[in-house]
Amino acid sequence: MLLELTNVEVVYSDVILVLKGVNLSVAEGHIVALLGANGAGKTTTLKAISGLLRSEDGEVTSGSIQFQGVPIHTEEPQNLVRRGLVQVVEGRRILPHMTVEQNLLVGSKVLKDRAERRQVLDKVYGYFPKLVNLRARVSGYLSGGEQQMLVIGRALMARPRLILLDEPSLGLAPMIVTEIFELVESLRRQEGIAFLVVEQNANVALAVADHGYVMENGRIVLYGTGPELRENEDIKEFYLGMSISGHGKSFKDVKHYKRRKRWLG
Amino acid sequence: MTLPGGVHAETYAQDRALIRTPWQWLWFAAFVAVLLLLPFLRPGGAVGIATVIGITLIAVLGLQLTSGCAGQINMGQSAFMGVGAYAAGALAVHLHWSFLMTIPIGGISAAVFGAVFGLAALRIKGFYLALTTIAAQYIFTFAMLKLPKEWFGQSEGLRMDPAVLGSFAFDTDNRIYYLVLAFAALMTYGAWGLMRSRTGRAFIAVRDNDNAAEVIGINVFYYKTLAFFIGAFYAGVAGALWAYYVRYVQADQFTLWLSVWYVGMLIVGGMGSILGAIVGTVVIRLLQELITVVGPQITDLLPTLGGQFVFAAMNMLLGGLIIVFVIFEPRGLVHRWNIVKESYRIWPFPH
Amino acid sequence: MTSLLSQVANGALTGLLYALVAMSFVIIYRSARVFNFAQGEIVVVGAFLVWTLMSAFDLPVWAAVPLALLASVLLGVLIERVILRSLVGEELFAFVMVTIGLLIFIRGVVLVAWGPEVRFFPAVLPMAAVKVGALVFDRAMVIGGALTLVVAAAMSWFFNRTQLGLEMTAVAEDHQTALSLGIPVTRSIAVAWGISGLLSTVAAIIFLNGKGMTFLASDIGFAALPVALLAGLESIGGVVLGGLIVGIALGLASYFLDPIFNGGVAAVFPFVIMVIVLLIRPTGLFGWKTIERI
Ligand SMILES: Nc1ncnc2c1ncn2[C@@H]1O[C@H](COP(=O)(O)OP(=O)(O)OP(=O)(O)O)[C@@H](O)[C@H]1O
Ligand SMILES: [Mg+2]
């Protein structure tokens, strides 16, 4: 396994228990979707893996996280990036006053020299041809879709083996979301990069995912292959249902509520 | 807030009361008695020190309102104090007004000067604001030294007669002490009331998040200006009292360095509470006094250190103290004391 | 006429010196988002280091200056490691407070170590005046002005073109994002403090060359403050322009206003310009505006 989490518990500020024993794994070159309601602990899971948790006063208190067979839960983010594990954080965090190319270059911290940087940069521009014309633009003024491309491109600059992608579809038009997931798929196919994708838009995510996990309240409550999850009644109602019908289902539906309870228990 | 065991508020008034138990009443009464009797208990030096502490306390209370409660960093408190001193001084010297008039007017003059920076706070935020208030210092010094000599005496400053009430002159250390004590008590009570009022709560909302405050309908512009206005008013009153105490006003008495110290007192005492302002002022002023007393003795023992050693040591000690406090106890001495008290109260069963 | 020109030209040189000190603020602010109130004191420490090595230890210039520069880099890094490091993630207020504490503390250390006496700062740079036509300049200031321009160009290049510099700019933008990209944030900040310490000592040498000095030379820290703010706390190039603007305005103000006020305008005028500029542009002329779309 490329990445393996066993019984991971995370506590914020020494008291707030957010992850209550998460088990999850990502195989080399796979795309894995992590679904779940708001506040379920998806972002926390990603941060626990990438080591960003500590800068927010969070801590992995038990369980183990292994990347390429090595425990990493005490590792600094910079060493993880060097080993090929990069997180693309939630909310398209471009560096707004820097140009597009500067943004990309910042991501290439782990590369050896200028020549290597050039080479990887060209490759990234190959995947995101739109960015070529924007390279000298101040990135704060890019459109949301362009910014999302930029942050993914920036993560690629570190030549990762695994990218943790947090809600890439947030606030983007369906067309762009499809485009982004197609890109994810082709990066996996051509570069062999594995992805762990957190996504609210389950439909799009499961279309490309090999496996998926559903999280509730800091626990994994459902696991399956992409197609299995797409056929699952619960998923249909809670996630796909919402995104298809366009407005959320009411909790008055008792059956619905019971099924939800079953998950939680 | 933590309550002493067995004390329960049965009415809203009780819940808001400052003093809750008979013991607290006793301590409070003893404290007041000591303050009132101080000139008889410890005549001489102690009275002078207490007077300076009282004046400083008023300025620091003002800073507590502006910075601690409303969250607007202010490095111009000493300049605001200077404005109050000069305003009161000029009115007393040229127009022979009573101190009952000049002290409030000194306060208001400073408040108006301070409010200008409150207006700036609407646009300027964070570090930029803190640094803008430093401009107050430079503008104040320049103005006082350059305005016509007939007004503020330029570099010669203003020499003042003692404050008089009828035929009673506040011309001895003891008399001026009582005057300062009265003002300090009044201003402390005022600050206490203010913090518990609507205004106080609005200040805290503005401090915690001015965007959110705006959304829930708090007029951020008004409250930021008001925070500077009130804080500077306190400084102005303190300055005016200072003028009557030393009976001499000169721009060099009100330095940026002094403002820095006021901020330091807040940090050590604790931001955001009246008690924090009091504790910080008293502790740091007493430490300063202690060092001026002990310093010369050390210098006598080790003459190589030189006379300036005292001043230097004081800076090192207090600068170090501030750093340590920010790092280890950002909420100040009062907070630490509460923790100690709490663990004592529930000892030996901490859980 | 010559006297007006001379006032303006010398004002511009003073402005450039302020810009150099301001740069030492800006470099820290850019990476750590901390405004270091103690910067003036660090300038003084640098000055005393040079003085000690040259006057007390009798080292030659070529040994003393590099040693002092090295020591000031270490001082910057030390401050970051010991004090600022433990405050990562704290609120703005904590940083204001801690650098104020540092200001008081360092002044104490300076007084304990070197005392309040007036010392004669060695002439590291040549003293002979520079004459251009009828204008007369202090040679150290001319060299300093040129040096400021060179340093600013070098810093601009560093922060925009080199990998380390880009990483430091990224840290300035957003600590969390920088961290997620594998950039060691605390190390970047330590580097910034080091560079800033170095610039402070350079500024001290130019400012005090061949003059008498006391611990009060730290006032230059506050004098340079309007330049940093007027320019905006993120822009290196902007600081140079800000320095020139303030300097030239200062020259003009001294020429026209000093006769009216009997001197002393130079001390207050930069602050007045600063307040006016900030009221119009709250993040300075060239500072980073918050980009609203996100
Ligand atoms: N730094 C923190 N300190 C304390 N609690 C936190 C912190 N960060 C997150 N939490 C809490 O942990 C829980 C999980 O948060 P997390 O961000 O992981 O959820 P999420 O599944 O990513 O949600 P969303 O879909 O809304 O992004 C939430 O209840 C949140 O309030
Ligand atoms: Mg999330």
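How many residue pairs are in polar contact between chain C and chain B? Three, with both residues of each pair at pLDDT 80 or more. A polar contact is a pair of N or O atoms within 3.5 Å; within protein, one must be able to donate a hydrogen and the other to accept it, and residues adjacent in sequence count only if both atoms are side-chain atoms.

This is a predicted model, in which local features need pLDDT of at least 70, side-chain atom pairs count only at pLDDT 80 or more, and totals for chains, interfaces and linings use all residues. Residues are numbered from 1 along each chain as its sequence is written, chains are lettered from A in the order in which they are written, and side-chain values use heavy atoms, without hydrogens and water.

**View 1. Chain C meets chain B.** Chain C brings 51 residues to the contact and chain B 39 (contact: heavy atoms within 4.5 Å). About 3,900 Å² is buried between them, 86% of it from carbon and sulfur atoms (accessible area, 1.4 Å probe, lost on being put together, summed over both). C:Phe93, C:Met97 and C:Ile104 supply 15% of the area that chain C buries here, more than any other three residues.

**View 2. Helix H4 of chain C.** H4(C) gives the most to the side that touches chain B, with 18 residues. On that side of chain C, 38 residues are nonpolar, nine polar and four charged.

**View 3. Around C:Phe37.** C:Met23 and C:Phe37 have the most contacts inside the largest nonpolar core, of 264 residues (buried Ala, Val, Leu, Ile, Met, Phe, Trp, Tyr and Cys residues joined through side-chain atoms within 4.5 Å; buried means under 20% relative accessible area, 1.4 Å probe, protein chains only). C:Phe37 touches residues including B:Met75, B:Phe127 and C:Phe222.

Note on methods. Buried < 20%, exposed > 50% of the residue type's maximum accessible area, 1.4 Å probe, protein only. Buried area = accessible area lost by both parts, 1.4 Å probe. Helix = DSSP H or I, 4+ residues; strand = E, 2+ residues; numbered from the N terminus. Nonpolar A, V, L, I, M, F, W, Y, C, P; charged D, E, K, R; others polar. Lists of a residue's contacts leave out its neighbours within four places in sequence.
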